[in-house]
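Colleague: I would like to learn how to read salt bridges and strand pairing in a model. Please take me through one.

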Amino acid sequence: MQLSHTRPVASAVFDDPNLVSCAGLVPMAALAQKCGLAALADEHLSVPTDKGSNAGAKVSCLVAGMVAGADSIDDMALLRHGAMGTVFERPYAPSTLGSFLREFAFGHVRQLDAVAARLLARLHARTPLLAGIDGPVLVDVDDTIIEVHGYAKQGSGYGYSGVRGLNALIATVTTEHGAPVITGQRLRKGSCGSPRGAGRIIGDTLATVKRLRSPEATARPLLRADSAFYGYPTVAAALRGGADVSITVRLDPKVKAAIAEIGEHAWTPIEYTDAIFEESTHRWISRAEVAEIGFTAFTSRKASEQVRGRLVVRRIPDLTPSGNDGQQSLFDTWRFHAFFTTTDDDSVTADKTHRGHAIIEAVHADLKDSALAHLPSGRFNANAAWLVLAVIAFNLTRAAATITGPALAKSRTATIRRTLITVPARIASSARRLTLHLPRDWPWEMAWNTLFRNLFQRHRPLIA
């Protein structure tokens, strides 16, 4: 692409009061308003002093800024340009929003958690955000380190990754028809262990799933997690919540002994890297294989706390050179990956389902590519509140995308923001009503119009 020769650009002036850079915030704010975000914040938040007044309006501003791409308090200034003050009421200054966050204590963060949970239920009622929730449900739990710099951040430290930061624990719910939705979140010190507090967030998430499902739902949710969460508190919380588990185990002596008992003829080839499907035999030709064996977890605890299930093991050839002469080994050596499960699925299906746990890494990356690119405050509770607000923005963005149809329903937040939200528009006023004039030939015009009409035309259903 080259600049025009017939009409070269001669100057640039920031002087148009009728422009907005993020016209997609109009339907996004409408969806948040219809689901009662501001009202929920006003009802549940009790942040003290004048800094905590009008909590609903301030929470709405912070979420709107995050939806539009803000990843710091200073970035909230994007809510106060051009015609934003005409389209929206009382967009607060970044300094006011920062003062609001710095007044948060731990109890106020938990109040904001309650707002996030109730908003998710209302988004589910108004949009196809959790379509298929009555069917198979996958609950994933994992933590991630959000890197920070300097020593002014309360709670920052060096965790398992060797990076100085704060630790965010995230729980997601995924159905057969939708992308992951965040149902639980907790910010922790950077040096804390991964499973700390996991039982609480798993219990809260499964309780949320139960509230969102209809009474006719019978399928048990499945909790997936990596080996850092393999322990009695995590598994017990899942079982109490009515879920099955699929959790990676460490290769300790007990697990190795169980793997050694698996017969050589019990291994089944699976679809894996470099696998080929043979039509004549209807089976995979693969160097990766799975097998299973009965297993009782936590045998060191009392009998009532021991959990019976299966150990599903995947093995692949170990291609690490064993010597310096370059000769191949005489016998195959294997690398093993095992996980403990209480499901009834066959070993091939269970292994494929367990590997899908990696989807939560995409959620972590999505958050870090959005509002969690930074933790903007030096105060721990302000950053904890920022995490909850980032989750609210994530779920709100995902819900809006599901209204437009399947094309954007599973897209990344950055894609949804680029196509639906950061669309420039000029406002025009007539008969005390505003009209948004958006760019002609916008590639995603149909999706944008679908979202707008579902939220602003009275006699149209909300779900496309």
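Modeller: Start with Arg 355, which counts as partly exposed at 30% relative accessibility. Buried means under 20% relative accessible area, exposed over 50%, and partly exposed in between (1.4 Å probe, protein chains only). This is a predicted model, where local features need pLDDT of at least 70, side-chain atom pairs count only at pLDDT 80 or more, and totals for chains, interfaces and linings use all residues. Residues are numbered from 1 along each chain as its sequence is written, and side-chain values use heavy atoms, with hydrogens and water left out.

Colleague: Which residue forms a salt bridge with Arg 355?

Modeller: The general idea first: side chains of opposite charge can pair when their charged atoms come close. The rule for a salt bridge is a side-chain nitrogen of Lys or Arg within 4 Å of a carboxyl oxygen of Asp or Glu. Here the partner is Asp 351, with the closest N and O atoms 3.0 Å apart. Both residues lie in helix H10 (residues 347-355), four residues apart, about one turn of the helix. Helices (H or I, at least four residues) and strands (E, at least two) are DSSP runs, numbered from the N terminus.

Colleague: Is Asp 351 buried or exposed?

Modeller: Asp 351 is buried, with a relative accessible area of 0%.

Colleague: Which residues do salt bridges with shared partners join into one network?

Modeller: Arg 110, Asp 113, Arg 200 and Asp 204. Within it, Arg 110 bridges to Asp 204, the closest N and O atoms being 3.9 Å apart. Arg 110 lies in helix H6 (residues 106-126) and Asp 204 in helix H7 (residues 198-212), so this pair ties together parts 94 residues apart in sequence. Arg 110 is partly exposed at 25%. Asp 204 is partly exposed too, at 32%.

Colleague: What does Arg 220 pair with?

Modeller: Asp 244, at 3.3 Å between the closest N and O atoms. Arg 220 sits in the loop between H7 and strand S6 (222-225), and Asp 244 in strand S7 (residues 244-248), 24 residues apart. Asp 244 counts as buried at 15% relative accessibility, whereas Arg 220 is partly exposed at 43%.

Colleague: How many salt bridges does the rule give?

Modeller: The count comes to 15.

Colleague: Now the strands. In which sense do S4 and S5 pair?

Modeller: Two strands pair if DSSP finds at least two bridges between them. Strand S4 (residues 164-175) and S5 pair in the antiparallel sense, over seven bridges. A hairpin of five residues joins S4 to S5. Val 173 stands opposite Val 181 in S5.

Colleague: Why is S5 largely enclosed?

Modeller: Seven of the eight residues of S5 (residues 181-188) are buried, so the rest of the structure largely encloses this strand.
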